[in-house]
Amino acid sequence: MQGQDSAENSGEEPVGGAGLDGNVLAGPLSEVFAVDITTAVGRCRGCGTSSAIATLRVHGPQPGLVGRCPGCDDVLLRIVRTPDAVWLDLGGLISLRIPAAG
Amino acid sequence: MARAAIPGGLSARRAWRPARLLERRVESASATTLVLDVTDWPGHLPGQHVDVRLTADDGYTATRSYSLAAPAEGDRVEVTVQRVPDGEVSPFLCDVFQVGDAVELRGPVGGWFVWRPDQPGPVLLVAGGSGVVPLMAMLRARPAVGPPFRLVYSARQPDDVIYREELAALAGTDGVDVRHVFTRRGAPVGADGADGADGADGAGHVRPPGRLRSADLEGAGWGPADAPTCYVCGPTGFVEAAATILASAGHDAARIRTERFGPTGS
C-alpha cells in the first residue's frame, strides 16, 4: 500500500492517461501489425512467464518504448520510431500468441 | 481517405488523422476535457485510447496517449487531460491549446482495457485520480437497461473529483452505484459522494479519509461469486494495491483488467 502513497505524492496527481504499461504500446504497434498486439500473450525468454502485452511494465517514450516482463523485469520488447523507420526488437520474447477469430 | 500503402514500407493504415478543438470544459482545478472534431473517426469501444501528436513550428513532435472519455458522436470525441505542472504536453493542452487549434490523433487503439456492451456480467470500476477517465467512458456507454455497474473512485479530496455532477446524477440511476474514497480530506455521504460535515454515509456509516482498503471493494452483489469484470485504472501504486485487494478477495485474475499511468512522460 506504500506504493500508492508514493505514487500519489511523487509527481503530484498523475498524468491524465499517459501510459506506464503495455496498453500504451497499442498505438505504436498499430503502425506495424494488422491486429491489436496488446491483447496477445508473450512468453518471456528469461523466466517463462506468459503475459498479455498490455500488462508489461513500460518505460519511455524517449528515446523509445521499452516493455519489461511483469515476472522478472527482463526487457521483452523495444520499439523506436525514427523519421523514416520503425525499429522493433522482440528479442526478449520466446513466443507471441495472437488471438485469432474462429 | 488516404489509406494507400507506401510501396515497400509500412502501410498508412493507422495514419494520423487531423483534428481540431471544438470545445473545452474545466472539470477540476487540474483536469480539462477537450472535445475534438476528428476527420473520418471510425468509432471506438469504451476504454480505448488515442495517441495525440503535437508538432512545433520547427518540426519537433511530442506524442502522448490519452483515454477516450465518452462514446463518440460522429467525428466528435472527448479526452480528459490532467495537468502535470512539469509536464511537456499536458500544460499545453490544458492551458494553451485553443478552440479551433489543430492537433493529430491516431486511433482508436487498445483492445485490452475495454468494455464490450455485449459481454456478460456486472462491471466493477476502480479509479485512482484521473484513472476515472476510461472508466467514465464505460459508465457513459452503459445502456439504460444494462448490467449492474459500480464505480469506486479514489481521489485525494472532494475538490479533485472529475465529472462530479454527472457522477452524482448517475448514482441515482437504476443499476449504477458510485462510491467515493477520499485519501486526504473529506468523507463521502450517501451514494453521491457529497462532502458531508459529519462524515456519515447514507447508511449511517463513516468512511474516514484514507487509502483504498478491501472494505471499499466489498458488498452484496460484488463478490467473486458474482463474477464481475473488474477494471482498475490509476497511478501504478494504486493499481497494484487495488488489484492485490481484488485477487486476495478471490476474484479471478482473468477478470481483473488494469491500466497504469504515472508521473513520467507527461
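In this predicted model, the largest nonpolar core has 32 residues, of which Leu125(B), Leu135(B), Leu139(B), Leu151(B), Tyr153(B) and Leu167(B) touch the most other members; such a core is a set of buried Ala, Val, Leu, Ile, Met, Phe, Trp, Tyr and Cys residues joined through side-chain atoms within 4.5 Å, where buried means under 20% relative accessible area with a 1.4 Å probe and protein chains only. At least two residues each are supplied by β7 (123–128), α2 (132–141), β8 (149–155), α3 (164–171), β9 (176–182) and β12 (229–235) of chain B, and α2(B) gives the largest share, six residues. Helices here are DSSP runs of H or I with at least four residues, and strands are E runs of at least two, numbered from the N terminus. Apart from this core lies another, of 21 residues, among them Ala19(B), Leu21(B), Cys94(B) and Val103(B).

The axes of α2(B) and α3(B) come within 12 Å and cross at roughly 40°, the axes being lines fitted to C-alpha atoms over the stretch in contact, with angles from 0 to 180 degrees between N-to-C directions. Met136(B), Leu139(B) and Arg140(B) in α2(B) meet Glu166(B), Leu167(B) and Leu170(B) in α3(B), with contact meaning heavy atoms within 4.5 Å.

Residues are numbered from 1 along each chain as its sequence is written, and chains are lettered from A in the order in which they are written. Local features need pLDDT of at least 70 and side-chain atom pairs count only at pLDDT 80 or more, while totals for chains, interfaces and linings use all residues, and side-chain values use heavy atoms, with hydrogens and water left out.

Notes. Buried < 20%, exposed > 50% of the residue type's maximum accessible area, 1.4 Å probe, protein only.
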